[in-house]
Amino acid sequence: MAKEIKVVGLGGSLAAQSNSLAALKVALEGAREAGAKTTLLDIKELNLPMYAPDLSEVPESVEQLCRTVHEADGLLWSSPLYHGTISGSFKNALDWLQLLSKREPAYLTDKVVGLISTAGGTQGLQAVNTMEFVVRALRGWAVPLVIPIPQAWRVFDKEGHLQDEKITEQLHALGHEVTRAARHFSSKVLTTPDAEQAEAQVQPLNQEEASAS
Ligand SMILES: Cc1cc2nc3c(=O)[nH]c(=O)nc-3n(C[C@H](O)[C@H](O)[C@H](O)COP(=O)(O)O)c2cc1C
């Protein structure tokens with residue numbers, strides 16, 4: 001029997017009505033259509049504390065975030081564009097993924113990520129590009145298709161429903177694409193222990209990795 005593919009959506013803002021969250025939900029519909037089991041991690045609901053290194057106890061919300069992300073085959077990330085980049089609350093969630101450094105495999109190794117942003121102005125790609133840097137830093141693989149949604153106020157109504165057919169199709173396509181790529185990735189061992197070691201040797205992220213090499 002084929003392995004079940006898990007796609008986890010992470011995103012949204014702290015706004016009462018979040019367009020980036022609404023867009024994420026549409027992309028998750030696409031992942032479900034493609035046969036994935038989906039889970040939504042809404043940044044507002046997670047209510048994460050600010051990341052702090054050296055915490056003796058990890059809060060339950062952080063445990064939930066890290067466990068769910070680690071178990072995922074594919075991820076969909078959606079952030080609003082804030083001052084030309086991703087929002088602080090979204091970046092804070094990504095900072096907590098530092099706790100995946102000691103998992104096997106570490107960080108987002110062999111996970112594929114689909115990227116979405118919503119913007120008030122005519123851009124949106126800066127947030128997508130920022131997220132792509134983070135995907136790479138965490139050793140994940142961003143799918144080539146990205147969906148920056150400019151002038152989001154034009155396409156989402158006050159209840160957060162997406163009113164644009166074309167963008168709905170594009171978000172569904174992204175959900176399909178992440179599921180398809182995650183299915184391929186999970187059918188093989190791509191990042192072998194050798195490859196993992198090479199990454200840690202060439203670009204160690206901490207003292208521990210540097211001294212293991
Ligand atoms: C603090 C803040 C900063 C923003 N900065 C930008 C920006 O630099 N460029 C832009 O096009 N829109 C900007 N916006 C508009 C948001 O990107 C846009 O409204 C987005 O859809 C909000 O997503 P949300 O509903 O999920 O919070 C900003 C909004 C806020 C609240």
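This is a short chat about the structure shown above.

Trainee: What kind of model is this, and how are residues numbered?
Mentor: It's a predicted model, where local features need pLDDT of at least 70, side-chain atom pairs count only at pLDDT 80 or more, and totals for chains, interfaces and linings use all residues. Residues are numbered from 1 along each chain as its sequence is written.

Trainee: How many helices and strands are in the chain?
Mentor: Nine helices and six strands; these are DSSP runs (helices H or I, at least four residues; strands E, at least two), numbered from the N terminus.

Trainee: Which residues touch the most other members of the largest nonpolar core?
Mentor: Val-7, Ala-27, Leu-76 and Ile-116, out of 54 residues in that core. Such a core is a set of buried Ala, Val, Leu, Ile, Met, Phe, Trp, Tyr and Cys residues joined through C-beta atoms within 7 Å. Buried takes 20 or more other C-beta atoms within 10 Å of a residue's own, with C-beta atoms placed from the backbone.

Trainee: And which helix gives the most to this core?
Mentor: Helix H1 (residues 19-33), with eight residues.

Trainee: How much of the chain is buried?
Mentor: Buried residues are 39% of the 213.

Trainee: Switching to strands, how do S1 and S2 run, parallel or antiparallel?
Mentor: Parallel: six bridges join S1 (residues 6-11) to S2 (residues 37-42), and DSSP has to find at least two bridges for strands to pair.

Trainee: What stands opposite Val-7 in S2?
Mentor: Thr-38 does.

Trainee: Last one, what are the spans of the C-alpha trace?
Mentor: About 50 × 40 × 30 Å along the principal axes.

Definitions and conventions: A residue is buried if 20 or more other C-beta atoms lie within 10 Å of its own, exposed if 12 or fewer, and partly exposed in between; C-beta atoms are placed from the backbone.
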